[in-house]
Amino acid sequence: MNSMKVINKKNILILIVIIVFYAVAQALINNGTINNFYEITLATICINIILAVSLNLVTGFTGQFSLGHAGFMSIGAYVGALINMEMNSTSGFLAGILAGAAAAAIVGILIGIPTLRLKGDYLAIATLGMAEIIRVVFLNMDDITNGAAGLNGIPRFTNWMWLFIFTALTIILINNFVHSSYGRACISIREDEIAAESMGVNTTMYKVMAFAIGAFFAGIAGALYSSYFYFIKPSIFGFMKSIDILVIVVFGGMGSITGSVIAAVVLAVLTTFLQSYSELRMIIYALLLIVIMIFRPQGLMGTKEITDLFKIVKKNEKNQ
Amino acid sequence: MNQFLQQLVNGISLGSIYALVALGYTMVYGIIKLINFAHGDVYMVGAYVGFAVTTYAGIGFIPALIISMLSCALLGIVIEKVAYKPLRNSARIAILITAIGVSLLLEYVMMYFVGAEVRSYPKLLDDSVLKFGNIIINIQQIYIVFTAIALMLLLQFVVKNTKIGKAMRAVSADRDAAQLMGIRVDSTISFTFAIGSALAGAGGVLVGIYYNSIDPLMGMMPGLKAFVAAVFGGIGSIPGAMIGGLSIGILETLVSGYGNSMYRDAAVFAFLIIILILKPSGILGKNTKEKV
């Protein structure tokens with residue numbers, strides 16, 4: 001079994017692609033082609049990729065419609081920022097990310113166990129309500145979170161290297177999860193929950209697991225965000241932020257990691273160009289959602305990945 | 001005790017507005033099983049129409065209410081025909097996402113044209129106060145409660161006693177069977193949207209008068225709360241929506257009055273999660289069994 005070895009052709013190829021991608025972007029930053037303004041776009045892209053891929057695990061692969069992803073992001077952002085401000089060092093930054101992600105995952109489990117019994121529309125509203133509750137709690141913990149004014153002067157440790165490392169890690173780990181037996185169980189829940197249950201899949205466990213993993217990575221994204229933009233306040237993580245993430249997932253295709261990545265890039269670039277017309281941007285987002293749902297409900301990529309493209313090429317070669 | 005009664009009075013007037021909005025949610029959900037996220041924004045449009053006709057045309061409360069209801073009914077029909085009808089047979093999640101899209105579209109198109117700033121509503125109703133001991137009742141609150149009750153009675157009459165009401169109940173019970181019996185399903189669904197949206201428009205005008213301010217994002221939170229009210233009362237049930245609306249209004253004013261008004265929204269959502277876990281069909285809803 002060639003594929004069982006860690007060092008095989010495929011993994012080496014993936015590693016090379018990752019390193020080349022990183023080096024090219026780093027070189028562009030160094031020689032100033034990507035200036036400070038575009039660097040913000042780059043950071044937004046990375047953070048949105050982490051958010052969208054993790055939401056895709058919950059909504060796209062497991063089929064649990066969540067409207068509360070920004071809530072988990074805010075937990076990561078606050079926990080990360082508080083630890084980061086206390087320690088003010090790279091190790092503090094990393095500890096903050098880890099603690100923020102862990103806190104988000106724990107809250108994810110606590111909220112997931114009761115709410116994931118609900119289905120479809122009800123689950124969407126319950127997760128939305130839960131994110132609102134998290135936001136209101138942060139808003140009212142004046143002593144710790146400084147209430148509506150938010151936390152200011154968070155030390156900046158997030159740079160292109162850390163963003164890239166965490167984005168790549170998120171994609172690789174979630175991709176591996178989806179292709180494991182756990183991931184197949186999650187997909188079976190999306191396809192038909194009753195059938196999955198009768199085949200012996202512990203649906204509650206897998207739903208909570210997907211929810212917790214999604215929350216974990218959303219926590220990472222939140223901690224990276226807080227350390228990149230110096231400043232967080234509860235209103236950043238409102239209902240609209242959850243919708244922003246959902247738009248990326250839907251646009252890219254629910255059930256396609258490649259789709260989420262492409263959509264995060266496209267929408268971030270679009271946002272950069274429409275920066276001074278924020279209302280127009282939201283109108284375009286809204287029309288995009290409606291038009292995609294009417295004409296291409298499976299999104300840009302459907303459930304296909306970029307690796308499927310190579311498989312098709314290989315198959316054609318074999319046939320000839 | 002006095003404070004409690006005072007909060008109760010405020011809660012009932014706020015709750016009757018929620019009930020009007022909740023009725024639209026519950027009717028639409030009953031007939032096509034869709035959480036119409038855009039419903040809260042129809043209510044916002046209603047408030048703006050009321051604002052426009054009273055400020056620029058200078059007309060009174062009742063005509064403004066009627067114009068606002070008619071324009072919202074039209075808007076509801078357009079939304080249903082353009083956005084929801086093409087998706088009637090696709091996955092539930094697709095329609096839900098479309099509804100979110102329509103909601104954003106209404107909010108930001110409105111913001112694009114009228115600006116994001118808060119506007120103060122013209123004074124349409126007498127706002128003198130009546131005092132019963134220590135309890136203060138604003139005449140506006142009486143108008144609001146009575147308008148809401150009148151509209152709800154009208155709706156109850158339409159649904160129970162008219163032909164189109166019978167058609168609505170038939171389509172909501174079984175769409176295919178209703179079609180086989182010769183009921184025009186499409187126009188019945190449009191009519192349901194029209195009525196629900198008209199009630200939301202009335203709610204918008206009333207809330208504009210009550211809070212004296214409107215803005216393009218005003219529909220988001222009340223819309224969600226009205227949905228909570230509809231779920232609490234039992235989604236699909238008209239009396240349920242009324243009871244739910246009043247309960248949520250009272251809960252909200254009690255939390256603001258006795259606790260911390262910042263926790264108001266959190267309390268409503270916590271309440272929703274508790275209902276969904278304990279009795280997802282709501283207090284007047286029917287239990288549905290899961291079928292394979």
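Chain A has a radius of gyration of 20 Å, which agrees with the value near 20 Å that a compact globule of 320 residues would have; the radius is taken over C-alpha atoms, and the globule rule is 2.2 Å times the number of residues to the power 0.38. The structure is a predicted model, in which local features need pLDDT of at least 70 and side-chain atom pairs count only at pLDDT 80 or more, whereas totals for chains, interfaces and linings use all residues. Residues are numbered from 1 along each chain as its sequence is written, and chains are lettered from A and ligands numbered from 1 in the order in which they are written.

Along the principal axes, the C-alpha atoms of chain A fill a box of roughly 65 × 50 × 40 Å. The secondary structure of this chain comprises 14 helices and zero strands, where helices (H or I, at least four residues) and strands (E, at least two) are DSSP runs numbered from the N terminus. Of the 320 residues of chain A, 45% count as buried, that is, with 20 or more other C-beta atoms, placed from the backbone, within 10 Å of their own. Among contacts in chain A between residues at least 6 apart in sequence, 80% join residues at least 24 apart; two residues are in contact if their C-beta atoms, placed from the backbone, lie within 7 Å.

In chain B, strand β2 (residues 129-132) and strand β3 (residues 135-138) run antiparallel and are joined by four bridges; strands pair if DSSP finds at least two bridges between them. B:Val129 stands opposite B:Asn138 of β3(B). The hairpin has two residues between its strands, and B:Gly133 takes a positive phi near 65° there.

Helix α9 (residues 220-233) and helix α11 (residues 264-278) of chain B have axes that come within 10 Å and cross at roughly 30°, the axes being lines fitted to C-alpha atoms over the stretch in contact, with angles from 0 to 180 degrees between N-to-C directions. α9(B) is therefore roughly parallel to α11(B), a term for angles under 35 degrees. Residues making this contact include B:Met221, B:Lys225 and B:Phe232 of α9(B), together with B:Asp265, B:Phe271 and B:Leu276 of α11(B).

The contact between the chains takes 35 residues from chain B and 33 residues from chain A. On the side of chain B that touches chain A, α4 (92-114), α9 and α11 each supply at least two residues. The largest share of that side, 15 residues, comes from α4(B).

Technical notes. A residue is buried if 20 or more other C-beta atoms lie within 10 Å of its own, exposed if 12 or fewer, and partly exposed in between; C-beta atoms are placed from the backbone. Angles under 35 degrees count as roughly parallel, over 145 as roughly antiparallel, 65 to 115 as roughly perpendicular and the rest as oblique.
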